[in-house]
Amino acid sequence: MKKRFLLCFLLLGFGILLIYKVLLFSKQKQIFKTYKEVREELLCRNTEKVSIAIIDSGIEKKYLSSCTKCIDFTGEKIKYDYTGHGTKMYEIIHSAKFGIAPYTNVYILRVTNSVGDTELSNVIHAIKWCVENDINIISFSMATSDDNKILHKELENAYKSGIRIFSAVSNTSCYVSYPAAYDEVIGVYSGKKQRFYDNYHYFFVSLDKFEISENVSGNSPATAFCAAIAAYYLSNSNERNKNISNSTLLEKIQGVLEEC
C-alpha cells in the first residue's frame, strides 16, 4: 500500500513538473520568435529618423554604399572589415536582405585594425564622435575585464546626451565584463550558460533559432539585435530617448518582442 502511494506521489510530482516545463517553454517560444518572424513583423514600422553607430571592425566593401557613413579611428585609413565581425553586426541591423532595422541611418565606426586589435583611444574617439553627431544608439560588441575610468566617463557623457548604449557581455563568463556592466550601458548576452550578475543591466535574448546568412548565436549578435529593436521604439515614441532610462527601454524592447 505504501509503495503504491509513493509511486502515485512520484508520478503526480513528475506530471506537475512536466506541465510546468511545457508552460515555461511555450511562454519563451511566444516571446522569442524566429529571426525571420521578428523581422517581417517589424519592417512595417518607421525607423528613418533613428541613427545607430556600430563601433566594431568596420564593414565589407560591398556594403559601403548602403551605410550612411563609415569612419576609421585606427589610423590605417581603411574602411574595410578584415575580420568579418563588424560586417555581421551590420547585416543583423541594416542589410536589405537580413536587417532588422534596414531604414535606420547606420554609421560604421571602425576601431579595430586589420588583425583585430584595438586601442582604448580609438574607442574613446568613436564615442566622442557619437556625442558630437547626435547619434541615438550605439551598438558595441566588445568586452574587457578592465574597469576603465576614462571609458566609463565617456559613456556616462554619451548617456546623458541622450545616446542609448548596447554592449555585449564577454563570451567568457568567468568575470564581470565592461562596458556592459556600467549603469549607463545595457549589457546583452545570449545563451543559458552565461553567468548573470543581478546588479547590472544584462538582458537575455535567445538567438538559438535565429538564422542570418548562416547560423548565428552569441552575445555580439544579440547586442546588434537589441539595438535594432530599440530603434523601432525610439522612432515610434513621443518621448525623447534622453528621457528614457535603461530599465524602461528594456521593458519596451520586451514589449516589442511580445507584440510580434
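The buried residues of helix α4 are covered by elements that include β1 (51–56), β2 (69–72), β3 (105–110), β4 (137–140) and α5 (149–160). This is a predicted model, in which local features need pLDDT of at least 70 and side-chain atom pairs count only at pLDDT 80 or more, while totals for chains, interfaces and linings use all residues. Residues are numbered from 1 along each chain as its sequence is written, and side-chain values use heavy atoms, with hydrogens and water left out. Helices (H or I, at least four residues) and strands (E, at least two) are DSSP runs, numbered from the N terminus.

Helix α4 comprises 13 residues, 120–132, and reaches 19 Å from its first C-alpha to its last, close to the 18 Å expected at 1.5 Å a residue (1.5 Å times one less than the number of residues). Its buried residues (under 20% relative accessible area, 1.4 Å probe, protein chains only) are Asn122, Val123, Ile124, Ala126, Ile127, Trp129 and Cys130. Just after α4, Asp134 takes a positive phi of about 55°.

A second topic is the pairing of two other helices. In α3, His85, Met89, Ile92 and Ile93 meet Ser220, Pro221, Ala224, Phe225 and Ala228 of α6 (contact means heavy atoms within 4.5 Å).

The loop between α2 (35–42) and β1 holds Glu48. Glu48 counts as exposed because its relative accessibility is 52%, the cut-off being over 50%. Glu48 touches Tyr103 and Asn105, residues up to four places away in sequence not being counted. The C-alpha atoms of Glu48 and Pro102 are separated by 8.8 Å, although these residues lie 54 residues apart along the chain.
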